[in-house]
Amino acid sequence: MKSRISNCLRLFLLAAVILATGRCDVPTTGPDFSYDTGLRAPLIFEKTFVLLGPSDTGFEALFDTTESAFDSLFYVDESDGTIFLEQLLDDIDIEALDDGMPQLSLDQQEITIGLSDLARQHFSSSYNRTLGVFRLDPDNPLIPDEFKQELPVLADPGGGETDIVLPNLLVPPIVNLIVLSDLRPQSVRFTDESAGVNAMTFELINDLSAHQLTSTDSARPPGIRILQNGVQVGSSTFDFVQSGTMGSAVISLAGAALTRQDLTYRLDISTIDGPGPILADPGAVRIRTRLSPLIYESTTVTDVPAQSGISISSSDLRLTNLDVGVEGLVASSGSATIRITNTLPVPLQMDYLEVMNTAPVGPYPSGHVFLRLSGHLIGAGATTEIPVDLSGAAVAPRISISGLFSTPGSTSSVLIDSEQGVFTTIEGNVVLDEVFFRPSGEVYESAGTLDIGNDDVHFIDKVDHVMFDSGSLRIDRLLNGLNLGFDLVEISIPQLRSSPFTPGDSLVLRFEGPSDDPGSFRFRRIEPGETRNDIRIDLADMRAYPFQNRLSYHVAARSETSSQTRSINLSDRLEASILIINAGLSRLKATIDPISVSVTEDMGKDGRLDVMNDAEALIIEVGELRKLSEQAIDGLELSGTELTFTTLSNIGASIDLYAVLAGISSDGSIIFLEGTGEHAVPPGDMPVDRFYYNGTPLRADQLIRFRLPASPGGGQTRRQTILLNGTNSNVDAFLSELPTQIRFVGQAILQAGGGPVELMTPLNLDASIGVSLPLKIGSDFTFEDTVDADLSSLNDLTDPEKDVNLTSVGLRLDYLNNIPLGIDARLEFLGDFGDVVVTIPREGAPAMILNPASASENGIASSPTAGTVEISLNEDAVRQLYLARRLRLRLSLLSDGSRPAYLRANDTIQLSVNADFRFRVAVRH
């Protein structure tokens with residue numbers, strides 16, 4: 001500043017000298033004269049002030065927070081820049097509230113796997129004994145001789161057809177199961193088969209000397225038909241049969257039915273010369289029958305005789321549906337059903353029926369009978385089901401059945417069909433005691449859930465989880481009670497995961513191979529009958545996602561492969577006893593019921609917090625309460641008596657903090673900070689009965705409650721400042737007692753209404769008590785800034801005896817005000833000892849007025865105001881300027897009294913000063 005003003009003056013002196021000496025042709029004698037001139041100096045002062053600072057841009061601050069008086073007095077709300085005047089009385093030293101982190105337990109639970117696939121067996125077997133078809137071979141001696149001989153044929157003299165009558169060729173069928181050999185069939189139906197069976201071939205022999213055989217119509221060859229009871233059974237045609245040759249014709253009996261009556265061959269035969277040649281030589285023309293095997297499909301008989309010894313035995317049957325590898329079983333319970341269907345036309349009486357094993361089962365030898373029946377009657381065409389208890393029975397996969405039946409026969413005609421017979425089915429369902437099988441890598445599986453115990457924590461969403469910072473998953477006992485080794489056993493808990501916690505990171509314990517590698521969750525294979533103890537998995541940094549408070553598990557075991565038969569008692573199991581021990585949680589995302597936790601020490605562990613117990617109370621010495629009045633902010637007025645309770649919390653749950661704040665005055669009197677309105681404590685609130693004063697229970701109205709919102713989660717810290725004033729507490733009365741000590745005990749309720757939370761340890765709740773007021777200006781206050789301004793060089797210019805004399809100075813102040821307050825501006829030139837030598841404007845004159853910035857309804861500046869103020873120094877002031885060594889800028893911030901103005905840390909005022917100097921120059925000759 002001094003340099004700029006001095007330079008301006010030097011410029012003026014140079015100009016004055018030129019004016020005074022440049023008139024060299026002016027007469028040297030004559031009257032003296034003088035004239036006035038001026039010089040507008042450049043900018044001599046320019047500065048921008050910020051309200052709090054210094055700022056990052058280097059602006060000087062109206063309130064310099066680097067000074068000890070202000071370094072801890074202000075707090076700026078980062079959301080809008082508004083300023084709080086804050087004086088910390090003391091911190092409340094609250095330890096981490098990790099007791100508020102719910103604890104989870106997994107009590108010892110059993111997971112098992114047995115050969116459940118073998119424990120229940122369903123088996124079945126069936127076999128049929130049918131009568132079967134009867135094959136009547138051509139050489140059967142019971143066939144009448146006429147079917148084996150050549151029979152003479154005589155033509156009808158009248159030219160008609162000729163008949164040859166033969167006895168019926170049917171013989172009694174020989175079939176399975178029952179005896180029909182003494183019966184003569186009433187009728188027979190042949191099967192539909194025709195390839196080489198069920199046919200009659202006729203050979204026509206012509207021994208006439210010179211005559212060709214024809215039909216009665218000499219233009220056609222001879223023909224033959226078979227008739228029974230006048231009904232044609234079949235027909236065929238021979239070729240023309242020449243003299244001395246033989247012709248043949250075939251009639252199929254496939255599907256045909258014959259009764260016991262005689263058969264008639266009806267021949268249409270003659271010669272080209274008529275029937276005479278045949279009649280003239282009897283025996284020269286003959287016919288012979290050749291039979292193919294005839295197969296009976298059904299037969300009608302009468303009077304089936306009573307008989308016994310009907311066998312339905314079968315020597316080797318396989319039980320189906322048994323599991324692969326099962327070589328025998330011993331049932332603890334269960335039953336079989338013998339189902340016998342009799343499709344014969346006669347009833348059957350069971351004389352006995354035995355089912356036996358064809359191979360040994362453990363101690364039971366081959367041939368062991370495990371099922372025996374007798375005495376059951378099965379009617380003709382009926383089915384009988386016979387239940388049999390198999391408890392204790394030993395059953396092999398292959399069995400044989402031995403059984404004899406008898407029948408009372410039938411006194412009426414019955415139809416005997418080849419498909420008729422006895423149909424037997426054995427079907428069983430058993431629960432096993434023991435199974436004998438050859439293991440071949442079968443896989444056995446089991447699944448279930450593990451209950452996570454905590455009635456106050458609810459995992460209702462699939463993303464809910466906990467993270468462990470300590471603890472172990474312990475398999476306390478792993479017992480293979482089976483006489484069976486396992487090449488692989490996997491125990492997987494899909495909802496227990498390591499980082500990065502995807503389903504693919506689920507915990508899988510594998511027991512296989514020859515050695516242990518716990519770090520990879522691998523352990524050696526499990527041998528028959530082996531027991532393992534105390535297998536531990538470190539849970540640190542693992543997460544559990546116990547949806548609906550359960551962890552699911554899955555066990556899969558692959559058996560060894562062996563050629564030896566293993567005997568397995570199916571009450572034995574592969575068992576694991578599993579639990580979680582010493583679990584500590586570092587993170588919880590779940591829905592919780594309200595959790596109560598002390599924020600100060602409960603030394604007696606009796607649930608009581610006594611504010612006068614030095615071991616339980618936090619004690620705040622209040623020595624700085626009076627310092628606010630000592631702060632050097634001239635004219636600053638704070639509206640109202642207010643106290644702040646400030647918390648920093650990383651707890652992802654809402655907190656209802658119930659507290660006793662007792663103020664102890666120097667005379668020993670006590671007053672409690674009592675909440676009203678939202679900070680009042682209802683008498684029925686749960687924590688009220690925990691608070692005491694010297695052993696006496698405190699009333700609810702002697703407490704205060706602070707409701708703190710949850711932190712954003714993820715361990716982030718939320719700052720919460722609660723302002724206590726006359727509307728929500730008795731703070732006026734509390735502070736008016738000027739307590740020298742404040743005692744604090746507290747109880748916190750996490751998530752008082754219950755609900756979802758996200759907690760991370762450590763659960764920090766830091767608190768402090770202080771005076772904290774919004775910086776709102778209710779009256780005027782003054783700011784000063786002093787700069788160097790040595791004006792001693794003006795000494796000559798202010799001497800009236802000198803040729804160049806400074807007569808006046810004009811100042812122009814330009815401003816841009818972004819503070820919502822009007823400002824009185826004054827310049828004070830100070831002498832060597834800080835004394836005021838010149839005041840601008842002069843003492844008693846109005847100050848330079850800077851208009852306030854436009855403000856919003858809440859009193860915060862919305863847009864800056866620009867302006868210019870001009871003022872002139874009188875001659876007396878000008879003559880005193882040479883005494884100035886420093887320049888002091890005094891800014892008085894003015895309140896209009898209508899409403900408070902809220903100030904922000906970054907509110908600024910920009911000032912610039914220009915000067916206009918006026919001089920008188922005397923010209924002397």
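Guide: Let's start with a term. Buried means under 20% relative accessible area, exposed means over 50%, and partly exposed is in between (1.4 Å probe, protein chains only). This is a predicted model, so local features need pLDDT of at least 70, side-chain atom pairs count only at pLDDT 80 or more, and totals for chains, interfaces and linings use all residues. Residues are numbered from 1 along each chain as its sequence is written, and side-chain values use heavy atoms, with hydrogens and water left out.

Visitor: Is Y265 buried or exposed?

Guide: Y265 is buried, at 0% relative accessibility. F202 is buried too, with a value of 0%.

Visitor: How many aromatic pairs are there?

Guide: Six. Rings of Phe, Tyr and Trp (its six-membered ring) pair if their centres lie within 6.5 Å; planes under 30 degrees apart count as stacked, over 60 as edge-to-face, the rest as tilted. F202 and Y265 are edge-to-face, because their planes stand at 85° with the ring centres 4.9 Å apart.

Visitor: Which strands do F202 and Y265 lie in?

Guide: F202 is in strand β11 (residues 199-206) and Y265 is in strand β17, so the pair ties together parts 63 residues apart in sequence. Strands (E, at least two residues) and helices (H or I, at least four) are DSSP runs, numbered from the N terminus.

Visitor: Which residues form an aromatic cluster?

Guide: F134, F190 and Y296 form one.

Visitor: Switching to charges. How many salt bridges does the structure hold?

Guide: It holds 38. A salt bridge here is a side-chain nitrogen of Lys or Arg within 4 Å of a carboxyl oxygen of Asp or Glu.

Visitor: What does R266 meet in a salt bridge?

Guide: D163, at 2.8 Å from N to O. R266 lies in strand β17 (residues 263-268) and D163 in strand β9 (residues 162-166), so this pair ties together parts 103 residues apart in sequence. R266 is partly exposed at 26% relative accessible area, and D163 is partly exposed at 38%.

Visitor: What does D701 form a salt bridge with?

Guide: R699, with the closest N and O atoms 2.9 Å apart. D701 is partly exposed at 43%, and R699 is partly exposed at 48%.

Visitor: And what about D814, which residue is its partner?

Guide: R812. Their closest N and O atoms are 3.6 Å apart. D814 has a relative accessible area of 21%, and R812 has 22%. D814 is partly exposed, and so is R812.

Visitor: Which residues are linked in a network of salt bridges?

Guide: E150, E203, D207, R286, R288 and R290 are linked that way.

Visitor: Which ring does the charged end of K462 sit over?

Guide: The ring of F547, 5.5 Å from its centre. R497 lies over the face of Y545, at 4.7 Å from the ring centre. The test is NZ of Lys or CZ of Arg within 6 Å of the ring centre and within 35 degrees of the ring normal.

Visitor: Zooming out. How many helices and strands are in the protein chain?

Guide: Five helices and 67 strands. The protein chain has 925 residues, and 49% of them are buried.

Visitor: What share of the contacts comes from residues 24 or more positions apart?

Guide: Among contacts in the protein chain with a separation of 6 or more, 84%. Contact means heavy atoms within 4.5 Å.
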